[in-house]
Amino acid sequence: MEAGALELAVNALSVMLEPSRLILLGAGVLVGLTIGVIPGLGGIVGIALLIPFTFEMDAYSAFAFLIGIGAVTTTSDTVPAVLFGVPGTTGSAATILDGHPLAKTGHAGRAFGAAYSASLLGGLAGAFLLAVSIPALRPVILYLGSPELLAICVFGLSMVAVLSGKAALRGMVAAGIGLMIAMVGSDPQTGTMRWTFDTFYLWDGLPLVPVTLGLFALPELADLAIGKKSIGRVHSVNTRSGQFQGIRNTLQYWWLVLRCSWIGAALGAVPGMGSAVIDWLAYGHALKTEKNTEKFGNGDIRGVIASESSNNAKEGGALVPTLAFGVPGSASMAILLGAFTMHGLVPGPGMLTDNLDVTYSIVWSLALANVFGAGLCLLLSNQLAKVASIRISVLLPLVLGIIFFGALQGSRQWGDLNVLFAFGLLGWIMKHLGWPRPPLILGFVLGDIVERYLFISVNRYEWTWLSRPLVILFFTLAIVGLIGPLLRNLKASFKSDQTKSFLPKFSMSAFFTLIVILFLTIYVLLASQWNFEARIVPLLVGCTALMCAILSLINQVFFQQSGNKTSNINENTSQSNIDDVSVGFTKHMMVEGCIFFGNCGLFILLARVTGMLLAVFLFVLLYMCFWGKEGLSRAALFSLGVTGFSWLLFDRVLSIPWPQNFLGSIVPVLGPFLK
Amino acid sequence: MWPAKRHLLAFCSCLLMSQLVVVPIKADAVSDFYKGRQVRLLIGYSAGGGYDTYARLLARHLGKHIPGNPTIVPQNMPGAGSLTLANFIYNVAPKDGSVIGTFARGMAMEPLLSGMGTRFNANEFSWIGSLNNEVSVCASWYESNVKTMEDLNNYELIVGGTGSGADTDTFPIVMGNLITPNIKLISGYPGGNDVLLAMERGEVDGRCGWSWSTVVSRSSDWLAEGRINILVQLALEKHPDLPHIPLITEFAENDDELMALELIFARQVMGRPYLAPPGIPIDRLTALRNAFEATTNDPEFIADATRIQLELNPVSGEEIDILISRIYDASENAVSLASKAIVKSDGM
């Protein structure tokens, strides 16, 4: 049996190495890399779009092509993450935390070197894990019932504590907000419309893409706008040597790479655990287990390595339930599943016996795609790193323009831009007031799946499921992981300043907390009117978050010496500083920030009137001319370039339906031109 | 920018045509309209699902059967379980035959059954046809005590569902409300295949609202090995494969119940519905309907569908028209019975 499997694996490799298949794989990789670089587009788009082209191919070639696309989007998404702080896909948000600071200090090359080599090793580890676990796959997955999946997700959620650093209470509140946002929309149990405020847009819940871009990308861009400096200040840095240093770093931390790959692959197999959380969980793991973590969040290369190795290993894991049971481990797998059927393959036991050769060819495709993808990125990164030294007055408007298009891929409605804006503002405030943002995204992604599995577990087994061994194990781990840091931090923050004056201080941070409390109260009150099944989880989450927020407010008002300064020093000296906390808001920042977000707001209004293409053209043109003080001809050239590129990509290639604009609807003659 | 120019040309010719309504040769008018034009096929769901796969397949072939051979461009416009698209097509989309769409099979009955957020009159859509007359089934795992519908009188059947509003939830809820109290729904699975996995590991006993074509294409080994029992067919007509499995409507106890069941399961007939906005020029609707029919007879189309295992039981636009007007003529009793039957009652 063993020898037979090995023989099959070798045969599959020789099949994959046929030139025609390698070329297709390479083509897939190129498409995947391109899609990964563009914020808002993930592997799903590419695979869905190109599936029809695989109709005529044989099964091996088709999967080589499609897996080529899917496997490497998380390799190239590092590029915008490191350079601009803009996640290329939702899987690279954690890369920003350390990758972007590295670029800011002129080490973009090193970040790229580490990221690509970690991606490569992670991807290979994922493929390897898939290959060796093939015989054991089905029993393991059959053993994992809904209660076990729930326990794993809850354990994932408990990483919130690590990812909050010293701001444990705020982290809890942020996670609570994330969970509540996840529950917006039609409730799976009763169909109750939760927090939709009578808008269709919110029926399906908030889309992940604009939320992620808002939380992580806009704040970085806002700060770039405020600083008005180019990203990589050190121009003379030799990126090539930096790149080698990055690769050496990856090899030096091989044990971390391996652990994060395992985390990525194992969690990738859990349906609902998408790339949007896996990078954070790996990052949290690195924080928890590595020594000397004080530089995490300010350009520690290990942060980049952890995040990147996990999200490439994820694909291997996600293939497990897809192949063995036809249960897609991720959204792109769901589409790949469709492709299986088109090529006459039925996921299930057959993939591990009769069609084992196809399964192995998939494993090889995955491995080869990762090699191609990382190799190509390494070759190009020398050029890419130079982008960081482009003048901000040119770069910022262009990147913003692309982000607007990217955010609109969430659900292709104007609401996406509002979500981008709202979460951008929220993220920016959180960033500067020392509120950790990762817990919010963790809560947002895991909220839906946790609620689903909780209901299934309770409805099916009442409470007996709590006595299952794996459930007990993961719940214990979660509780220990959550309560420990929380209590320590609480004690520390309440104690440290008790000797100081008890005069209440009301800082800007406290004011923001007050707004959060108000928001949570309204949401809890709204939720209390729904029927039992729809309200129980939101109320539980809402009240817990509310309690934490109130505790946090008391802490800030009574126990901290003088508002921002002390609290921020606390944050900064914390050993695990997750969010790169700057010191509160200065007046300059407030003014410039208002201008930045004001401009974004104006853009959104303009887009509704004239449609995206014209609005982006005007926005980039005017922004470059007036804010960036660039010459008119240069500005016109760039804005025409970005608009033309977006028109080609989104209108011609992806053929997205543009949301209705005002001008087009009142003057139908203009309709076809305003998109 | 020449495609834009093409739009302009098409637009001018369209203007010109509207001046010359009484052009004697109608077919030419249709062909002139569609020539060089892009017809958008809007899909109410995101890429990758069943509705999307069917629509993209149709888009590859439909154009060559429409006079003037327009390019059909499939576009995903997801939102509110495709309700956004239904409202868009009814209220906003140009009523000239340049936009067609596909949305949830139950959408046409929504105004009757819940009416939440619906801003359309289903009778007025220009129905082009349905690619499949779906037959869904209720199936139980071989280890369950329930092997036939009769067993449901004595034993409980726990079925898995994917969430409120989905067929996997609505169908067992209807059965629970109208036919047998012994069906228990555990809902919240991320997808239909997750329900099957839960069934395999013994978490649930079965699945109701499982398209027969999917059973055949994905779970034929289970069928062959007797790992699943097919209990009942959820449709208005039996599937040719399943002559001996009872149809859900056979369990109705009176006329109102029968009508209510028909009202609910009518969605199966328009399993993959295609339609245009209300009030498009009649000659273009006829052309679209003819093209749809021609496509479903096109050997290349059928070969493609067979290869990717999509079941085809085409239903014409006229048939859908008749079905919908019959449903909207249903008695108040039947409608209220149906709208109560699709709501989960306590203790289920």
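Axes are lines fitted to C-alpha atoms, for helices over the stretch in contact, and the angle between two of them runs from 0 to 180 degrees between N-to-C directions. In the predicted model examined here, helix α7 (residues 108-133) of chain A and helix α16 (residues 301-325) of chain A have axes that come within 7 Å and cross at roughly 30°. Since angles under 35 degrees count as roughly parallel, α7(A) is therefore roughly parallel to α16(A). The crossing in which α7(A) passes α16(A) is right-handed. The residues that form the contact of α7(A) with α16(A) comprise 15 nonpolar, nine polar and four charged.

A second pair in chain A was described in the same terms. Helix α2 (residues 19-37) of chain A and helix α4 (residues 59-76) of chain A approach until their axes come within 6 Å, and these axes cross at roughly 30°. This angle makes α2(A) roughly parallel to α4(A). The crossing of α2(A) past α4(A) is right-handed. In the contact of α2(A) with α4(A), 16 residues are nonpolar, 11 are polar and one is charged.

A further pair is formed by helix α9 (residues 146-158) of chain A and α21(A), which pack at an angle of about 150° with their axes 9 Å apart. Angles over 145 degrees count as roughly antiparallel, and α9(A) and α21(A) are therefore roughly antiparallel to each other. Here α9(A) passes α21(A) in a left-handed crossing. On the side of α9(A), the contact is made by S146(A), P147(A), L149(A), L150(A), C153(A), V154(A), G156(A) and L157(A). The residues contributed by α21(A) are L442(A), G443(A), L446(A), I449(A), V450(A), Y453(A), L454(A), I456(A), S457(A) and Y461(A). By class, the contact of α9(A) with α21(A) contains 14 nonpolar and four polar residues, with no charged residues.

Chain A contains 29 helices and two strands. Its radius of gyration is 24 Å, close to the 26 Å that the globule rule gives for 675 residues, so chain A is as compact as a globular protein of that length. The C-alpha trace of chain A spans about 75 × 70 × 55 Å along its principal axes. Of the 675 residues of chain A, 60% count as buried. Among contacts in chain A between residues at least 6 apart in sequence, 80% join residues at least 24 apart.

Chain B has 14 helices and 11 strands. For chain B the radius of gyration is 22 Å, close to the 20 Å given by the globule rule for 348 residues, so this chain is as compact as a globular protein of that length. Along its principal axes, the C-alpha trace of chain B spans about 70 × 45 × 35 Å. Buried residues account for 53% of the 348 residues of chain B. When contacts in chain B between residues at least 6 apart in sequence are taken, 78% join residues at least 24 apart.

Between the two chains, 42 residues of chain A are in contact with 42 residues of chain B. On the side of chain A that touches chain B, α3 (43-50), α17 (331-342) and α21 (438-461) of chain A each supply at least two residues. This side of chain A has 22 nonpolar, 15 polar and five charged residues.

Terms used. Residues numbered from 1 in each chain as written. Chains lettered and ligands numbered in written order. Predicted model: local features only at pLDDT ≥ 70, side-chain atom pairs only at ≥ 80, totals over all residues. Helix = DSSP H or I, 4+ residues; strand = E, 2+ residues; numbered from the N terminus. Parallel < 35°, antiparallel > 145°, perpendicular 65-115°, else oblique. Left-handed = near helix turned anticlockwise from the far one by under 90°. Nonpolar A, V, L, I, M, F, W, Y, C, P; charged D, E, K, R; others polar. Rg over C-alpha atoms; globule rule 2.2 N^0.38 Å. Buried ≥ 20, exposed ≤ 12 C-beta atoms within 10 Å, placed from the backbone. Contact = placed C-beta atoms within 7 Å.
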